[in-house]
Amino acid sequence: MTDVQLAQVCTTIAKYMTLYGAEIHRVEDTIKRICAAYSKHNAQIYATPANFIITIKGDMPVTDTVMVGGRQTNLDRLGRLNDLSRWICLRRPEHMAILKKLNEINKRPVYPQAVMYAAYFIVGGAFTFFYGGNITEVIFGSLLAVVIRFMSERLKAVKASAFLNAVVCSAVISFLAVAIKSVDFVSGFDKMIIGASMTLVPGIQITNCMRDFISGDFYSGIYTLTEALLTAAGLAVGAGAAVAASLI
Amino acid sequence: MDILNDIVVPCLIIFVACIAFGMMFNILRRHLIAAAIGAVVSEFVYSLLTGLEVSEVKSIFLAAAAVALYSEILARLFRSPVNMYLVVSIIPLVPGKTIYDTMITLVLGDSESFLSRLLDTFEAAGAIAMGIFMVSSVVRLIKDFREANGRKIIEAIHGLASKHDDNIKKI
(Lines give C-alpha, C1' and ligand atoms only; values in the text may rest on other atoms or scores of the structure.)
Protein backbone atom coordinates (compact mmCIF):
# COMPACT_ATOMS: atom_id res chain seq x y z
CA MET A 1 0.00 0.00 0.00
CA THR A 2 1.40 3.42 -0.93
CA ASP A 3 1.49 6.35 1.50
CA VAL A 4 -1.27 8.13 -0.42
CA GLN A 5 -3.55 5.12 -0.17
CA LEU A 6 -2.79 4.69 3.53
CA ALA A 7 -3.61 8.35 4.15
CA GLN A 8 -6.87 7.95 2.26
CA VAL A 9 -7.86 4.88 4.27
CA CYS A 10 -6.96 6.63 7.54
CA THR A 11 -8.95 9.79 6.81
CA THR A 12 -12.01 7.78 5.75
CA ILE A 13 -11.97 5.63 8.87
CA ALA A 14 -11.34 8.66 11.11
CA LYS A 15 -14.15 10.62 9.50
CA TYR A 16 -16.74 7.91 9.98
CA MET A 17 -15.60 7.11 13.52
CA THR A 18 -16.02 10.74 14.55
CA LEU A 19 -19.33 11.00 12.72
CA TYR A 20 -20.77 7.88 14.36
CA GLY A 21 -19.93 9.12 17.86
CA ALA A 22 -16.42 7.99 18.85
CA GLU A 23 -14.40 10.00 21.35
CA ILE A 24 -11.31 11.66 19.91
CA HIS A 25 -8.82 9.54 21.83
CA ARG A 26 -10.28 6.43 20.21
CA VAL A 27 -9.91 7.97 16.73
CA GLU A 28 -6.29 9.00 17.28
CA ASP A 29 -5.39 5.69 18.90
CA THR A 30 -6.99 3.65 16.10
CA ILE A 31 -5.23 5.59 13.35
CA LYS A 32 -1.91 5.40 15.20
CA ARG A 33 -2.24 1.61 15.42
CA ILE A 34 -3.17 1.30 11.74
CA CYS A 35 -0.17 3.41 10.71
CA ALA A 36 2.09 1.34 12.97
CA ALA A 37 0.75 -1.86 11.38
CA TYR A 38 2.03 -0.58 8.01
CA SER A 39 5.29 0.42 9.77
CA LYS A 40 4.69 4.18 9.49
CA HIS A 41 5.65 4.90 13.10
CA ASN A 42 6.30 8.60 12.52
CA ALA A 43 2.82 9.47 11.20
CA GLN A 44 1.61 12.79 12.65
CA ILE A 45 -2.06 12.77 13.59
CA TYR A 46 -4.27 15.65 14.66
CA ALA A 47 -7.92 14.93 15.34
CA THR A 48 -10.71 17.17 16.65
CA PRO A 49 -14.48 16.64 16.57
CA ALA A 50 -14.62 18.88 13.48
CA ASN A 51 -11.67 17.77 11.35
CA PHE A 52 -8.88 15.25 10.98
CA ILE A 53 -5.35 15.76 9.63
CA ILE A 54 -2.71 13.12 9.00
CA THR A 55 0.84 13.51 7.68
CA ILE A 56 2.86 10.43 6.77
CA LYS A 57 6.55 11.22 6.58
CA GLY A 58 8.10 8.95 3.96
CA ASP A 59 10.55 9.93 1.24
CA MET A 60 7.84 12.34 0.12
CA PRO A 61 5.60 13.60 2.97
CA VAL A 62 1.90 12.97 2.38
CA THR A 63 -0.78 15.04 4.10
CA ASP A 64 -4.50 14.40 3.98
CA THR A 65 -7.31 16.37 5.65
CA VAL A 66 -10.98 15.67 6.10
CA MET A 67 -13.76 17.80 7.54
CA VAL A 68 -16.32 16.08 9.78
CA GLY A 69 -19.66 17.84 9.58
CA GLY A 70 -22.25 17.22 12.27
CA ARG A 71 -23.11 13.98 14.01
CA GLN A 72 -25.02 10.89 12.94
CA THR A 73 -24.73 8.81 16.08
CA ASN A 74 -24.73 5.15 15.12
CA LEU A 75 -23.03 3.02 17.74
CA ASP A 76 -23.54 -0.23 15.83
CA ARG A 77 -21.43 1.03 12.90
CA LEU A 78 -18.89 2.47 15.34
CA GLY A 79 -18.47 -0.98 16.87
CA ARG A 80 -17.97 -2.46 13.40
CA LEU A 81 -15.34 0.19 12.56
CA ASN A 82 -13.57 -0.83 15.76
CA ASP A 83 -13.57 -4.47 14.62
CA LEU A 84 -12.37 -3.37 11.17
CA SER A 85 -9.37 -1.53 12.62
CA ARG A 86 -8.46 -4.58 14.69
CA TRP A 87 -8.70 -6.71 11.53
CA ILE A 88 -6.47 -4.26 9.62
CA CYS A 89 -3.79 -4.35 12.31
CA LEU A 90 -3.85 -8.15 12.35
CA ARG A 91 -3.95 -8.91 8.62
CA ARG A 92 -2.49 -5.79 6.95
CA PRO A 93 -4.81 -6.14 3.92
CA GLU A 94 -4.59 -4.32 0.61
CA HIS A 95 -6.11 -0.91 0.00
CA MET A 96 -9.13 -2.10 -2.01
CA ALA A 97 -10.05 -4.79 0.54
CA ILE A 98 -10.28 -2.17 3.30
CA LEU A 99 -12.38 0.19 1.20
CA LYS A 100 -14.74 -2.68 0.34
CA LYS A 101 -15.19 -3.51 4.05
CA LEU A 102 -15.74 0.19 4.84
CA ASN A 103 -18.44 0.32 2.20
CA GLU A 104 -20.13 -2.71 3.72
CA ILE A 105 -20.11 -1.07 7.17
CA ASN A 106 -21.65 2.13 5.84
CA LYS A 107 -24.47 0.09 4.31
CA ARG A 108 -25.27 -1.75 7.55
CA PRO A 109 -28.98 -1.65 8.35
CA VAL A 110 -30.47 1.02 10.60
CA TYR A 111 -33.79 0.71 12.39
CA PRO A 112 -36.68 1.57 10.03
CA GLN A 113 -38.52 4.89 10.48
CA ALA A 114 -41.59 3.27 12.08
CA VAL A 115 -39.47 1.53 14.72
CA MET A 116 -37.64 4.78 15.43
CA TYR A 117 -40.93 6.63 16.00
CA ALA A 118 -42.03 3.77 18.26
CA ALA A 119 -38.77 4.10 20.23
CA TYR A 120 -39.38 7.84 20.76
CA PHE A 121 -42.96 7.03 21.77
CA ILE A 122 -41.78 4.54 24.39
CA VAL A 123 -38.99 6.79 25.75
CA GLY A 124 -41.38 9.75 26.13
CA GLY A 125 -44.04 7.68 27.86
CA ALA A 126 -41.71 5.72 30.10
CA PHE A 127 -39.90 8.79 31.40
CA THR A 128 -43.18 10.65 31.97
CA PHE A 129 -44.25 7.69 34.10
CA PHE A 130 -40.81 7.57 35.76
CA TYR A 131 -41.18 11.19 36.88
CA GLY A 132 -44.59 10.42 38.37
CA GLY A 133 -47.13 11.10 35.63
CA ASN A 134 -50.55 9.41 35.55
CA ILE A 135 -51.91 7.47 32.55
CA THR A 136 -53.23 10.50 30.59
CA GLU A 137 -49.93 12.32 31.04
CA VAL A 138 -48.02 9.22 29.90
CA ILE A 139 -50.02 9.05 26.67
CA PHE A 140 -49.56 12.75 25.93
CA GLY A 141 -45.86 12.55 26.89
CA SER A 142 -45.39 9.74 24.36
CA LEU A 143 -47.14 11.74 21.65
CA LEU A 144 -44.98 14.80 22.40
CA ALA A 145 -41.85 12.65 22.01
CA VAL A 146 -43.14 11.58 18.59
CA VAL A 147 -43.58 15.28 17.73
CA ILE A 148 -39.92 15.81 18.74
CA ARG A 149 -38.79 13.06 16.36
CA PHE A 150 -40.86 14.59 13.53
CA MET A 151 -39.50 18.11 14.18
CA SER A 152 -35.86 17.07 14.52
CA GLU A 153 -36.02 15.08 11.26
CA ARG A 154 -37.26 18.23 9.46
CA LEU A 155 -34.60 20.38 11.17
CA LYS A 156 -31.84 17.89 10.34
CA ALA A 157 -32.83 18.12 6.67
CA VAL A 158 -31.97 21.85 6.68
CA LYS A 159 -28.80 21.22 8.76
CA ALA A 160 -29.89 23.13 11.88
CA SER A 161 -27.35 23.26 14.73
CA ALA A 162 -27.78 21.16 17.88
CA PHE A 163 -28.66 24.29 19.88
CA LEU A 164 -31.35 25.43 17.45
CA ASN A 165 -32.74 21.90 17.30
CA ALA A 166 -33.03 21.77 21.10
CA VAL A 167 -34.63 25.23 21.37
CA VAL A 168 -37.21 24.67 18.64
CA CYS A 169 -38.16 21.13 19.66
CA SER A 170 -38.50 21.90 23.37
CA ALA A 171 -40.40 25.15 22.69
CA VAL A 172 -42.89 23.39 20.41
CA ILE A 173 -43.57 20.50 22.78
CA SER A 174 -43.79 22.83 25.78
CA PHE A 175 -46.35 25.04 24.04
CA LEU A 176 -48.29 21.89 23.11
CA ALA A 177 -48.09 20.66 26.72
CA VAL A 178 -49.31 24.03 28.01
CA ALA A 179 -52.17 23.90 25.49
CA ILE A 180 -53.11 20.36 26.60
CA LYS A 181 -53.11 21.57 30.21
CA SER A 182 -55.21 24.66 29.40
CA VAL A 183 -58.05 22.54 27.97
CA ASP A 184 -57.95 20.50 31.21
CA PHE A 185 -56.92 17.11 29.83
CA VAL A 186 -54.24 16.82 32.53
CA SER A 187 -53.52 18.38 35.90
CA GLY A 188 -49.98 19.62 35.18
CA PHE A 189 -47.70 20.01 32.18
CA ASP A 190 -44.28 19.64 33.87
CA LYS A 191 -44.06 15.83 33.84
CA MET A 192 -44.96 15.65 30.16
CA ILE A 193 -42.33 18.25 29.27
CA ILE A 194 -39.59 16.52 31.29
CA GLY A 195 -40.49 13.07 29.98
CA ALA A 196 -40.59 14.08 26.33
CA SER A 197 -37.43 16.24 26.68
CA MET A 198 -35.44 13.18 27.78
CA THR A 199 -35.28 12.20 24.09
CA LEU A 200 -33.22 15.37 23.48
CA VAL A 201 -30.65 14.73 26.25
CA PRO A 202 -27.16 15.01 24.64
CA GLY A 203 -26.03 11.61 25.96
CA ILE A 204 -23.25 11.01 23.45
CA GLN A 205 -21.76 14.47 24.03
CA ILE A 206 -21.77 14.05 27.83
CA THR A 207 -19.92 10.72 27.74
CA ASN A 208 -17.52 11.79 24.99
CA CYS A 209 -16.52 15.02 26.75
CA MET A 210 -15.69 13.16 29.95
CA ARG A 211 -13.70 10.49 28.15
CA ASP A 212 -11.84 13.18 26.18
CA PHE A 213 -10.89 14.96 29.42
CA ILE A 214 -9.66 11.70 30.96
CA SER A 215 -7.39 10.97 28.01
CA GLY A 216 -6.03 14.54 28.05
CA ASP A 217 -7.63 15.79 24.81
CA PHE A 218 -8.71 19.04 26.44
CA TYR A 219 -9.43 20.80 23.17
CA SER A 220 -11.90 18.14 22.07
CA GLY A 221 -13.25 17.87 25.60
CA ILE A 222 -14.08 21.56 25.73
CA TYR A 223 -15.60 21.43 22.24
CA THR A 224 -17.90 18.56 23.21
CA LEU A 225 -18.67 20.00 26.66
CA THR A 226 -19.77 23.25 25.06
CA GLU A 227 -22.00 21.29 22.71
CA ALA A 228 -23.58 19.43 25.63
CA LEU A 229 -24.07 22.57 27.76
CA LEU A 230 -25.55 24.54 24.84
CA THR A 231 -27.99 21.74 24.07
CA ALA A 232 -29.07 21.58 27.73
CA ALA A 233 -29.40 25.38 27.84
CA GLY A 234 -31.40 25.26 24.61
CA LEU A 235 -33.81 22.79 26.18
CA ALA A 236 -34.26 25.05 29.18
CA VAL A 237 -34.74 28.16 27.02
CA GLY A 238 -37.38 26.51 24.83
CA ALA A 239 -39.36 25.12 27.76
CA GLY A 240 -38.93 28.37 29.69
CA ALA A 241 -40.44 30.43 26.88
CA ALA A 242 -43.55 28.26 26.85
CA VAL A 243 -43.92 28.19 30.64
CA ALA A 244 -43.47 31.98 30.81
CA ALA A 245 -46.14 32.41 28.15
CA SER A 246 -48.52 30.23 30.16
CA LEU A 247 -48.12 32.50 33.19
CA ILE A 248 -49.27 35.63 31.37
CA MET B 1 -38.22 1.68 52.44
CA ASP B 2 -40.85 0.35 50.06
CA ILE B 3 -38.88 -2.11 47.94
CA LEU B 4 -41.54 -2.63 45.28
CA ASN B 5 -42.38 1.02 44.61
CA ASP B 6 -38.94 2.54 45.21
CA ILE B 7 -36.69 0.01 43.49
CA VAL B 8 -38.46 -2.65 41.42
CA VAL B 9 -40.94 -0.48 39.51
CA PRO B 10 -38.43 2.28 38.56
CA CYS B 11 -35.93 -0.38 37.43
CA LEU B 12 -38.53 -2.01 35.18
CA ILE B 13 -39.55 1.33 33.65
CA ILE B 14 -35.91 2.26 33.10
CA PHE B 15 -35.27 -1.08 31.41
CA VAL B 16 -38.09 -0.50 28.90
CA ALA B 17 -37.17 3.17 28.41
CA CYS B 18 -33.49 2.43 27.84
CA ILE B 19 -34.15 -0.38 25.35
CA ALA B 20 -35.94 2.28 23.31
CA PHE B 21 -33.23 4.85 24.07
CA GLY B 22 -30.55 2.50 22.77
CA MET B 23 -32.53 2.06 19.57
CA MET B 24 -32.30 5.84 19.06
CA PHE B 25 -28.50 5.37 18.89
CA ASN B 26 -28.88 2.33 16.61
CA ILE B 27 -27.49 -0.22 19.05
CA LEU B 28 -28.27 -3.78 17.99
CA ARG B 29 -29.24 -7.06 19.67
CA ARG B 30 -27.11 -8.22 22.62
CA HIS B 31 -25.44 -4.83 22.95
CA LEU B 32 -28.89 -3.23 23.31
CA ILE B 33 -29.87 -5.61 26.12
CA ALA B 34 -26.50 -5.11 27.83
CA ALA B 35 -26.84 -1.31 27.64
CA ALA B 36 -30.36 -1.42 29.09
CA ILE B 37 -29.15 -3.66 31.92
CA GLY B 38 -26.45 -1.05 32.59
CA ALA B 39 -29.18 1.56 32.96
CA VAL B 40 -30.98 -0.75 35.40
CA VAL B 41 -27.72 -1.12 37.38
CA SER B 42 -27.39 2.66 37.72
CA GLU B 43 -31.06 3.10 38.68
CA PHE B 44 -30.83 0.21 41.17
CA VAL B 45 -27.72 1.56 42.91
CA TYR B 46 -29.13 5.08 42.96
CA SER B 47 -32.55 4.17 44.35
CA LEU B 48 -31.09 1.69 46.83
CA LEU B 49 -28.68 4.28 48.24
CA THR B 50 -31.25 7.10 48.38
CA GLY B 51 -33.59 4.59 50.07
CA LEU B 52 -30.89 3.97 52.69
CA GLU B 53 -30.77 7.75 53.22
CA VAL B 54 -27.38 8.31 51.65
CA SER B 55 -27.23 11.87 50.30
CA GLU B 56 -28.29 12.61 46.72
CA VAL B 57 -24.83 13.54 45.44
CA LYS B 58 -23.13 10.50 47.00
CA SER B 59 -25.77 8.17 45.52
CA ILE B 60 -25.34 9.64 42.03
CA PHE B 61 -21.55 9.47 42.35
CA LEU B 62 -21.56 5.81 43.39
CA ALA B 63 -24.16 4.88 40.77
CA ALA B 64 -22.08 6.58 38.05
CA ALA B 65 -18.95 4.77 39.24
CA ALA B 66 -20.86 1.47 39.21
CA VAL B 67 -22.09 1.89 35.62
CA ALA B 68 -18.67 3.08 34.46
CA LEU B 69 -17.17 -0.12 35.86
CA TYR B 70 -19.98 -2.18 34.30
CA SER B 71 -19.44 -0.54 30.90
CA GLU B 72 -15.68 -1.01 30.97
CA ILE B 73 -16.07 -4.69 31.83
CA LEU B 74 -18.67 -5.29 29.13
CA ALA B 75 -16.61 -3.40 26.56
CA ARG B 76 -13.68 -5.75 27.26
CA LEU B 77 -16.01 -8.75 27.18
CA PHE B 78 -17.78 -7.91 23.90
CA ARG B 79 -14.75 -6.16 22.34
CA SER B 80 -16.69 -3.02 21.47
CA PRO B 81 -16.42 0.71 22.36
CA VAL B 82 -17.24 1.68 25.96
CA ASN B 83 -19.59 4.35 24.60
CA MET B 84 -21.97 1.66 23.40
CA TYR B 85 -22.99 0.91 27.02
CA LEU B 86 -22.05 4.10 28.89
CA VAL B 87 -24.20 6.46 26.81
CA VAL B 88 -27.41 4.61 27.63
CA SER B 89 -26.41 3.61 31.16
CA ILE B 90 -26.03 7.14 32.55
CA ILE B 91 -29.43 8.30 31.24
CA PRO B 92 -31.35 7.47 34.48
CA LEU B 93 -28.89 9.64 36.42
CA VAL B 94 -29.36 12.74 34.23
CA PRO B 95 -31.05 15.27 36.56
CA GLY B 96 -33.99 16.08 34.25
CA LYS B 97 -36.36 17.12 37.03
CA THR B 98 -33.77 19.34 38.72
CA ILE B 99 -32.92 21.14 35.47
CA TYR B 100 -36.63 21.70 34.86
CA ASP B 101 -37.14 23.06 38.40
CA THR B 102 -34.15 25.37 37.90
CA MET B 103 -35.74 26.76 34.76
CA ILE B 104 -39.17 27.15 36.40
CA THR B 105 -37.78 29.08 39.38
CA LEU B 106 -35.88 31.33 36.98
CA VAL B 107 -39.04 32.04 34.99
CA LEU B 108 -40.99 32.72 38.20
CA GLY B 109 -38.28 35.19 39.27
CA ASP B 110 -37.55 33.40 42.55
CA SER B 111 -33.80 33.99 42.61
CA GLU B 112 -33.07 32.30 45.94
CA SER B 113 -34.55 28.93 45.04
CA PHE B 114 -33.16 29.38 41.52
CA LEU B 115 -29.62 29.53 42.90
CA SER B 116 -30.11 26.52 45.16
CA ARG B 117 -31.67 24.50 42.29
CA LEU B 118 -28.82 25.54 40.00
CA LEU B 119 -26.35 24.28 42.61
CA ASP B 120 -28.28 20.99 42.80
CA THR B 121 -28.01 20.63 39.02
CA PHE B 122 -24.27 21.27 39.00
CA GLU B 123 -23.76 18.93 41.95
CA ALA B 124 -25.61 16.13 40.15
CA ALA B 125 -23.76 16.74 36.88
CA GLY B 126 -20.43 16.93 38.69
CA ALA B 127 -21.18 13.71 40.59
CA ILE B 128 -21.87 11.83 37.35
CA ALA B 129 -18.72 13.23 35.77
CA MET B 130 -16.52 12.43 38.78
CA GLY B 131 -17.91 8.90 39.14
CA ILE B 132 -17.05 8.08 35.53
CA PHE B 133 -13.76 10.00 35.78
CA MET B 134 -12.56 7.95 38.73
CA VAL B 135 -13.30 4.52 37.27
CA SER B 136 -12.24 5.29 33.70
CA SER B 137 -8.98 6.93 34.83
CA VAL B 138 -8.02 3.87 36.86
CA VAL B 139 -8.90 1.57 33.95
CA ARG B 140 -6.89 3.71 31.54
CA LEU B 141 -3.94 3.74 33.95
CA ILE B 142 -3.94 -0.06 34.21
CA LYS B 143 -4.18 -0.35 30.43
CA ASP B 144 -1.31 2.11 29.89
CA PHE B 145 0.91 0.30 32.39
CA ARG B 146 0.24 -3.05 30.75
CA GLU B 147 1.00 -1.63 27.31
CA ALA B 148 4.20 0.00 28.55
CA ASN B 149 5.30 -3.31 30.10
CA GLY B 150 4.52 -5.14 26.87
CA ARG B 151 6.64 -2.64 24.95
CA LYS B 152 9.48 -3.05 27.48
CA ILE B 153 9.50 -6.81 26.91
CA ILE B 154 9.57 -6.35 23.13
CA GLU B 155 12.40 -3.80 23.47
CA ALA B 156 14.28 -6.15 25.76
CA ILE B 157 14.04 -8.90 23.13
CA HIS B 158 15.23 -6.47 20.44
CA GLY B 159 18.05 -5.34 22.72
CA LEU B 160 19.19 -8.92 23.29
CA ALA B 161 19.03 -9.58 19.58
CA SER B 162 21.15 -6.53 18.71
CA LYS B 163 23.69 -7.42 21.41
CA HIS B 164 23.89 -10.87 19.90
CA ASP B 165 24.54 -9.28 16.49
CA ASP B 166 27.29 -7.10 17.99
CA ASN B 167 28.93 -10.15 19.54
CA ILE B 168 28.86 -11.93 16.20
CA LYS B 169 30.45 -8.89 14.53
CA LYS B 170 33.16 -8.71 17.20
CA ILE B 171 34.02 -12.33 16.67
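Guide: Let's start with charge: over all chains, the structure holds 12 salt bridges, a salt bridge being a side-chain nitrogen of Lys or Arg within 4 Å of a carboxyl oxygen of Asp or Glu. One of them joins the side chains of Asp3(A) and Lys40(A), at 3.0 Å from N to O. Asp3(A) sits in helix 1 of chain A and Lys40(A) in the loop between helix 2 and strand 1 of chain A, so the pair ties together parts that are 37 residues apart in sequence.

Some housekeeping before we go on. This is a predicted model, so to speak: local features need pLDDT of at least 70 and side-chain atom pairs count only at pLDDT 80 or more, while totals for chains, interfaces and linings use all residues. Residues are numbered from 1 along each chain as its sequence is written, chains are lettered from A and ligands numbered from 1 in the order in which they are written, and side-chain values use heavy atoms, with hydrogens and water left out.

Now the overall layout. Chain A has 10 helices and three strands, taken as DSSP runs numbered from the N terminus (H or I, at least four residues, for helices; E, at least two, for strands). From the N terminus on, the elements read α-α-β-β-β-α-α-α-α-α-α-α-α. The C-alpha atoms of chain A fill a box of roughly 75 × 30 × 30 Å along the principal axes.

Zoom in on the sheet. Its three strands make an open, antiparallel arrangement in the order 1-2-3, where pairing takes at least two DSSP bridges between two strands. Strand 1 (44-47) and strand 3 (62-67) of chain A are the edges, each pairing on one side only. Neighbouring strands are turned by 5° against each other on average, direction ignored; axes here are lines fitted to C-alpha atoms, for helices over the stretch in contact, and angles run from 0 to 180 degrees between N-to-C directions. A hairpin of five residues links strand 2 to strand 3 of chain A, and these two strands pair over six bridges. Ile56(A) has Val62(A) as its bridge partner, and Thr55(A) stands opposite Thr63(A). Helix 1 (residues 3-19) of chain A lies across strands 2 and 3, at about 20° to strand 3.

On to the neighbour. 54 residues of chain A are in contact with 44 residues of chain B, contact meaning heavy atoms within 4.5 Å. About 4300 Å² is buried between the two chains, and carbon and sulfur atoms give 73% of it (accessible area, 1.4 Å probe, that two parts lose on being put together, summed over both). The count between the chains is two salt bridges, including Arg33(A) with Glu147(B), whose closest N and O atoms are 2.8 Å apart. Which elements of chain A give two or more residues to this side? They are helix 2 (24-37), helix 3 (75-91), helix 5 (113-130), helix 8 (190-197), helix 9 (203-214) and helix 10 (218-247) of chain A. Helix 5 of chain A gives the most, with 10 residues.

One last stop: Phe213(A), in helix 9 of chain A. Leaving out residues up to four places away in sequence, Phe213(A) touches Phe218(A), Gly221(A), Ile222(A), Leu225(A) and, across in chain B, Phe133(B).
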